[in-house]
Amino acid sequence: MSNEQRVSRRAFMGRAASAIALPTVIPSSVLARQGRQGANDRIVTANIGVGGMGTNHVAADAAAICDVDDNHLANAAKRVTKGTPFLTKDYRHILDRKDIDAVIIATPDHWHALMTVHACQAGKHVMSEKPTCKTLGEGRAMVDAARRYKRVVQIHAQGRSNPVAHKACEFVRNGNLGRVRRVEIWHPVNFTTDNWGAPEPVPPTLDWNMWLGPARWAEYNPRRCHFNFRWFMDYGGGFIRDRGNHALSIVSWLMNHDDYKGLVTCEATGTPMLTGFYDVPATMEVTWHFQDPDWTLTWSQPGRPNPRFPGEWGATYYGDRDSLVVLGGDGGCDTEEKAKRYEPPSGGVRVFKSPGHRENWLDCIRTGQRPVMDVEIGYHVITLCILGNIAYTLGRKVTYDFARERFVGDEEANRFIHEPYRAPWRLA
Amino acid sequence: MPTPMPAILEPTVQTLLADIRNGDPSIRARAVDQAPLVGVRAIGALAEVYSGGDPAAAKAAHEALRRIAHHAARPGAPAERRAATKELAALVGSRRPNALRVDAIYLLGFVGGTDAVAALAAQLSDPTLRDHARLALERIPDRAVDSALAKALQTAHPDFRPAIEQSLAVRRSRGRR
């Protein structure tokens, strides 16, 4: 197979009427105010990427499902009990459909930004799985697309909708720890393999060229694909960009740090993965330091669970009066009793409580408000994860300016901001 | 970055290669960590190991190459960056295995400047390497890249022209921002 994508860019948003038979359906948004659903309107959703986590996102009434693997498609279709979903291997066929209001993206990570931008261009609201994106340039493009096309884009770092995490957030935000100067995250190491990546035949059920999409060409090996993509810098970037998106989302939330526009320094060390063809580090230690206010965040992989409240992964918040442990930060989250029992006093800080991550997203589509894990927050959070990988790769401390969205005094580091895409894939 | 050592203890190209080939993963890992101390002069020798038949040694050589190249491109070390570019460009144009040449092309996208453009542009007519070379060129913030891509467009295979046009368009749109 050629190492260049064969599907023409012109195909997107223009050719569906002749290429595929589409049902004539009145879009639900037509029935409400332009660009926004009415309070009682059904929001028609479709799923893009339905292997692994994506399977859980398929609703009983999903109108369409896309996956580059026939097996994923068939499994996901069984979850639809109301109607017969439109099935496709090319997400652009879903974006071309006028009857779909919103899409849920749960593909491998290197697709998240491109699909989100294209979905916004096509007028669809988006909920995209974490991590928000692979590169800093992609994050900026996602935010710009959401704002330009006035779409609701929620990142599925669902810890922001977790009621226990919410308790921890109000506990910390109301000053119960005093001034927090250090947060330490611990997490298990990245996965390993003894497979050296020799090319294997592509299964007939899989469109490998489409799986790679914008990523540079690589020969197929099952250990590169489905789930295992996490252990390659070209796709997943290791746990720091995967669960790290969850963990750092909770930290940013509790520290009220989503709007930080100052400088951050980032240092990272790690053990190279010398067995097998995965290329993320086996272990990783990352330190970020923020200014005004000064505080330090660390990621230890492996790290030592806090013996006071141990768990597989989590963070300890060290204030000048007390400390708090918060475990997890995705769908599962736990914290110490003092935070779980806490109720803010009258006049204390109250943090918006999400009714559930999907519910919050759908509510915001109806109201036009920003969701609890809006794409701009998602971009802010994933920036820290991406900085960790860049600092590790470069082997030196980097300084990043959140306001200018550039590295300071490091021309090579700035070359990581954008990742060139295989043709015909373009962000804009 | 590894901690500098007293001169007598600093790894040499020979000790680096011996450790990279060592069967003990902890010795290999230490060698990778210390590779930047040996620096650009080890690139050619590491390419030999990379091209050998031992996948574990080749992987360690790959990691060592990567670390040497990025270390050489650190701020304030223009002579090292130029030396690394020269060594990587030589690998790109060599008859080494394609996997090594692809890695060298990828690293040149980060390390290289004007001095990397000719070596990368020369690969734009190679069906197996041309897209890797295009991606590396797109990343280099130097006007010489635009000229090289425009020139390649005149003679490129029709299948490959849209890719070159895309790189030119992406670079134009970034230049406007």
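**A covered helix and its surroundings**

Modeller: Let's take helix H12 of chain A, which is mostly covered: 20 of its 20 residues are buried. Bear in mind that this is a predicted model. H12(A) covers residues 375-394. From its first C-alpha to its last, this 20-residue helix reaches 27 Å, close to the 28 Å expected at 1.5 Å a residue. Just past the end of H12(A) comes A:Gly395, with a positive phi of about 75 degrees.

So much for the helix itself; now for what it belongs to. The largest nonpolar core has 102 residues, and A:Val103 and A:Met142 have the most contacts inside it. H12(A) gives the most to this core, 13 residues. Take A:Met142 as a way in: setting aside neighbours within four places in sequence, its contacts include A:Val375 and A:Tyr379. Also on the contact list of A:Met142 are A:Ala113, A:Thr116, A:Val117, A:Thr132, A:Cys133 and A:Val153. Apart from this core lies another, of 74 residues, with B:Leu37, B:Leu88, B:Ile105 and B:Leu108 among them.

Next, the sheet. In chain A, six strands make an open sheet with parallel pairing, in the order E3-E2-E1-E4-E5-E6. Strands E3 (86-88) and E6 (153-156) of chain A are at the edges with a single partner strand each, so one side of each has no neighbour in the sheet. On average, neighbouring strands here are turned by 15 degrees against each other, direction ignored. Further in, strand E4 (residues 102-105) and strand E5 (residues 125-129) of chain A run parallel and are joined by four bridges. Across that pair, A:Ile105 stands opposite A:Ser128 in E5(A). Another helix of chain A, H3 (residues 70-77), lies across strands E1 (45-48), E2 (64-66) and E3, and runs at about 155 degrees to E2(A).

Chain A averages a pLDDT of 92, and 91% of the residues score at least 70. Residues 1-27 of chain A are another matter: pLDDT stays under 50 there, although the model has 34 contacts for them beyond four places in sequence. Residues 29-34 of chain A also have a pLDDT below 50, with eight contacts in the model beyond near neighbours in sequence. Where pLDDT is low, the predicted coordinates should not be read in detail.

Technical notes. Residues are numbered from 1 along each chain as its sequence is written. Chains are lettered from A and ligands numbered from 1 in the order in which they are written. This is a predicted model: local features need pLDDT of at least 70, side-chain atom pairs count only at pLDDT 80 or more; totals for chains, interfaces and linings use all residues. pLDDT is the predictor's confidence in each residue, from 0 to 100. Two residues are in contact if their C-beta atoms, placed from the backbone, lie within 7 Å. Two strands pair if DSSP finds at least two bridges between them. Helices (H or I, at least four residues) and strands (E, at least two) are DSSP runs, numbered from the N terminus. Axes are lines fitted to C-alpha atoms, for helices over the stretch in contact, and angles run from 0 to 180 degrees between N-to-C directions. A nonpolar core is a set of buried Ala, Val, Leu, Ile, Met, Phe, Trp, Tyr and Cys residues joined through C-beta atoms within 7 Å. A residue is buried if 20 or more other C-beta atoms lie within 10 Å of its own, exposed if 12 or fewer, and partly exposed in between; C-beta atoms are placed from the backbone. The expected span of a helix is 1.5 Å times one less than its number of residues.
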